[in-house]
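This report covers pockets, ring pairs and salt bridges. Please keep the sequence and the structure in view while reading.

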Amino acid sequence: MKVIFKKFSVLLAAAVLMLSVLVVPAQADSVDYDDADYYVIVQAQDGSGYLYLRRRPSVEDTILCNIYDGTVLHITAVSEDWTGVVWGLTRYEGQHGWVSLKHTVEYTPSNGGASHSSEGVAVDYDVVVQAVDGTDYLYLRSGPGMDYRILCNVYDGEYLHITNEVGDSGGDFTWGKTVFNGQEGWVSLKQTVSRAVYEKEQPTPTPTKEPKPEKTPVPDKDATRKSEVTASDSEKTETQESVQDKKQEENGVKESNSFDKKILIMSVAAIVLVIAAIVALLGMKNKR
């Protein structure tokens, strides 16, 4: 009897397993839904900060991507799965899929949703990259989250124009959609500052002082006149001294000439006397 009971238990377990394998996919493949048209904001209830976009409304179906808290989604259909979870059909980053609505709250855009999309809230402002994590750059990613592919680095000082915002689990917008070097992507706004704040913080360049032209000294008329008078007096003095020197030279020449004449006369007289004495002596000899 025990052997028969054991065999029956094994068969029953196998049957339940086969039913679970067959029934669940059948329910997943045949999606019953109702049309809808409203907006929700992602607010994950499990503290993860995001929910999954799935191919079909089931926790066991394929995950297409993560959608982070603060993202605004447009719900176009709703469906309840066999476990009682309500799912919403939406479009995010070009992909259609289902999200669990228990991780969202209804949202009414102020303009009826014209400026909101699955990529967050439409904005229009400029920021400047200013990394605060010890590096000098941030990543441009393919989507608003750390799990998305890195497209390139954007370095400090680069200006970016933000067109959409997506928030984090705290409700603050932290991801911004932009275009950099022809690539569209998302950047962490925590690594940026607004353009106005950035430009306000920049030091004002000190203007270079141009050297003032040196003033041409204006001649002092009185000093010029005094120097001219002094020069004139000096010239007069030099002229007078020169005249005196010339006179002295002339006087010296005259005195020298006069002295020479006297010596010449005295020499001639002496010669005459000598000749006379010789003649006298000769005459005296002849008389004897």
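Is Tyr 139 buried, partly exposed or exposed? Tyr 139 is partly exposed, because its relative accessible area is 34%.

## Basis of the model

This is a predicted model, in which local features need pLDDT of at least 70 and side-chain atom pairs count only at pLDDT 80 or more, while totals for chains, interfaces and linings use all residues. Numbering runs from 1 along each chain as its sequence is written, and side-chain values use heavy atoms, with hydrogens and water left out.

## The largest pocket

The largest pocket has a volume of about 250 Å³. Its lining has 13 residues, and those closest to the centre are Arg 141, Met 146, Trp 175, Ser 188 and Gln 191. Two elements give two or more residues to this lining: strand 10 (137-141) and strand 13 (173-180). Strand 10 supplies the largest share, four residues. By class, the lining of the largest pocket holds five nonpolar, four polar and four charged residues.

Several terms need their limits here. The search uses a 1 Å grid over the protein atoms alone; a cavity is a set of points where a 1.4 Å probe fits but cannot get out, a pocket is an open set with protein on both sides within 12 Å along at least five of seven lines, and lining residues have an atom within 4 Å of a point. Grid points are joined across faces, edges and corners, and a volume is the space filled by probe spheres set on the points. Strands (E, at least two residues) and helices (H or I, at least four) are DSSP runs, numbered from the N terminus. Nonpolar means Ala, Val, Leu, Ile, Met, Phe, Trp, Tyr, Cys and Pro; charged means Asp, Glu, Lys and Arg; the others, Gly among them, are polar.

## Arg 141

Arg 141 sits in strand 10. Arg 141 counts as buried, because its relative accessibility is 8%. Leaving out residues up to four places away in sequence, Arg 141 touches Met 146, Tyr 148, Arg 149, Ile 150, Leu 151, Trp 175, Gly 185 and Trp 186. Contact here means heavy atoms within 4.5 Å.

## The second largest pocket

The second largest pocket holds about 200 Å³ of space. Among its lining residues are Asp 46, Tyr 50, Tyr 52, Arg 54, Trp 87 and His 103. Strand 2 (residues 50-54) gives the most to this lining, with four residues. The lining of the second largest pocket divides into six nonpolar, three polar and three charged residues.

## Ring pairs

The structure holds five aromatic pairs. Tyr 50 and Tyr 68 form one that is tilted, at 5.5 Å centre to centre with 50 degrees between the planes. This pair links distant parts of the chain: Tyr 50 is in strand 2 and Tyr 68 in strand 3 (residues 63-68), 18 residues apart. Tyr 50 is partly exposed at 24% relative accessible area, whereas Tyr 68 is buried at 12%. Tyr 137 and Tyr 139 form an edge-to-face pair, at 5.8 Å and 65 degrees. Tyr 137 is partly exposed at 23%.

Ring pairs also link Tyr 50, Tyr 52 and Tyr 68 into a cluster. Rings of Phe, Tyr and Trp (its six-membered ring) pair if their centres lie within 6.5 Å; planes under 30 degrees apart are stacked, over 60 edge-to-face, and the rest tilted.

## Salt bridges

Four salt bridges are found in the whole structure. Each is a side-chain nitrogen of Lys or Arg within 4 Å of a carboxyl oxygen of Asp or Glu. Asp 61 meets Arg 55 at 3.3 Å, N to O. Asp 61 is buried at 12% relative accessibility, while Arg 55 is partly exposed at 43%. Glu 184 pairs with Lys 177, with the closest N and O atoms 3.5 Å apart. Glu 184 is exposed at 52%, but Lys 177 is buried at 9%.

Glu 199 bridges to Arg 195, with the closest N and O atoms 3.0 Å apart. Both lie in helix 2 (residues 195-201), four residues apart, about one turn of the helix. Salt bridges that share partners join Asp 126, Arg 195 and Glu 199 into one network.

Note on methods
Buried < 20%, exposed > 50% of the residue type's maximum accessible area, 1.4 Å probe, protein only.
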